Every structure is written in C-alpha cells, then in structure tokens.
Amino acid sequence: MTEAEIDAAVAADPDWAEFETVDWSKAEIVTPPRKQAISIRLDQDLIDYFKSQGPGYQRRINAVLRSYVKQRKAG
C-alpha cells in the first residue's frame with residue numbers, strides 16, 4: 001500500500017474524523033507498567049462475569065482494581 005493509499009483510507013474512515021485536528025507532533029510513546037503474575041482467589045461468580053464479557057477479562061479486572069485504588073487515593 002502506498003503512502004497516498006494509506007492517507008486516502010484514513011480520510012475515508014469515519015472513526016478517524018474526531019482525531020483529524022489532533023496535534024500528533026507532541027505525542028509521547030507511553031510504555032504501560034510491567035505487570036506481575038500472581039495467584040489470587042476470587043469468587044466464581046466474579047470470574048464468570050468478567051469472562052462472559054469476552055477476551056481480556058484479566059485486563060478488565062485490573063482496570064476495576066486500578067479505578068478502586070485511584071478513588072481511594074483521591075480521598
């Protein structure tokens with residue numbers, strides 16, 4: 001795919017419209033924090049719920065825990 005074809009495909013993508021005016025020149029590459037594998041016991045209904053939402057259930061559990069910590073730190 002040529003550069004022109006890529007630009008045309010991006011311009012035709014309706015999901016791109018909200019990002020057209022973003023100044024990407026100051027964008028920074030952010031490396032997510034390293035995750036540590038642990039063993040944790042959770043109630044089966046919680047696991048079932050998160051798994052029922054599709055792939056990435058561990059990432060969603062992490063996001064819920066992160067939100068909880070953020071709220072607690074905020075006071």
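1. E5 counts as partly exposed because its relative accessibility is 43% (buried is under 20%, exposed over 50%, partly exposed in between; 1.4 Å probe, protein chains only). E5 lies in helix α1 (a DSSP run of H or I, at least four residues, numbered from the N terminus). E5 and V64 are 59 residues apart in sequence. In space they are 40 Å apart, C-alpha to C-alpha.

2. On the source: this is a predicted model, where local features need pLDDT of at least 70, side-chain atom pairs count only at pLDDT 80 or more, and totals for chains, interfaces and linings use all residues. Residues are numbered from 1 along each chain as its sequence is written, and side-chain values use heavy atoms, without hydrogens and water.

3. A11 is also found in helix α1. A11 is exposed because its relative accessible area is 61%. A11 and G56 are 45 residues apart in sequence. The C-alpha to C-alpha distance for A11 and G56 is 30 Å.

4. M1, I6, V10, W16, F19, V22 and W24 make a nonpolar surface patch of about 660 Å² (Shrake-Rupley areas, 1.4 Å probe). Patch residues have over 30% relative accessible area and no salt bridge, with nonpolar side chains joined within 5 Å and like charges within 9 Å. A salt bridge puts a Lys or Arg side-chain nitrogen within 4 Å of an Asp or Glu carboxyl oxygen.

5. W24 deserves a separate look. W24 sits in the loop between α1 (3-12) and α2 (44-52). W24 counts as partly exposed, because its relative accessibility is 48%.

6. The largest pocket has a volume of about 640 Å³. A pocket is an open set of points on a 1 Å grid where a 1.4 Å probe fits, with protein on both sides within 12 Å along at least five of seven lines. Its lining residues have an atom within 4 Å of a point.

7. The largest pocket is lined by 17 residues. Q36, I38, I40, Q58 and N62 lie nearest its centre. α2 and α3 (57-74) each supply at least two lining residues. α3 gives the most, with seven residues. By class, the lining has nine nonpolar, three polar and five charged residues.

How values were computed:
Points joined across faces, edges and corners; volume = space filled by probe spheres on them. Nonpolar A, V, L, I, M, F, W, Y, C, P; charged D, E, K, R; others polar.
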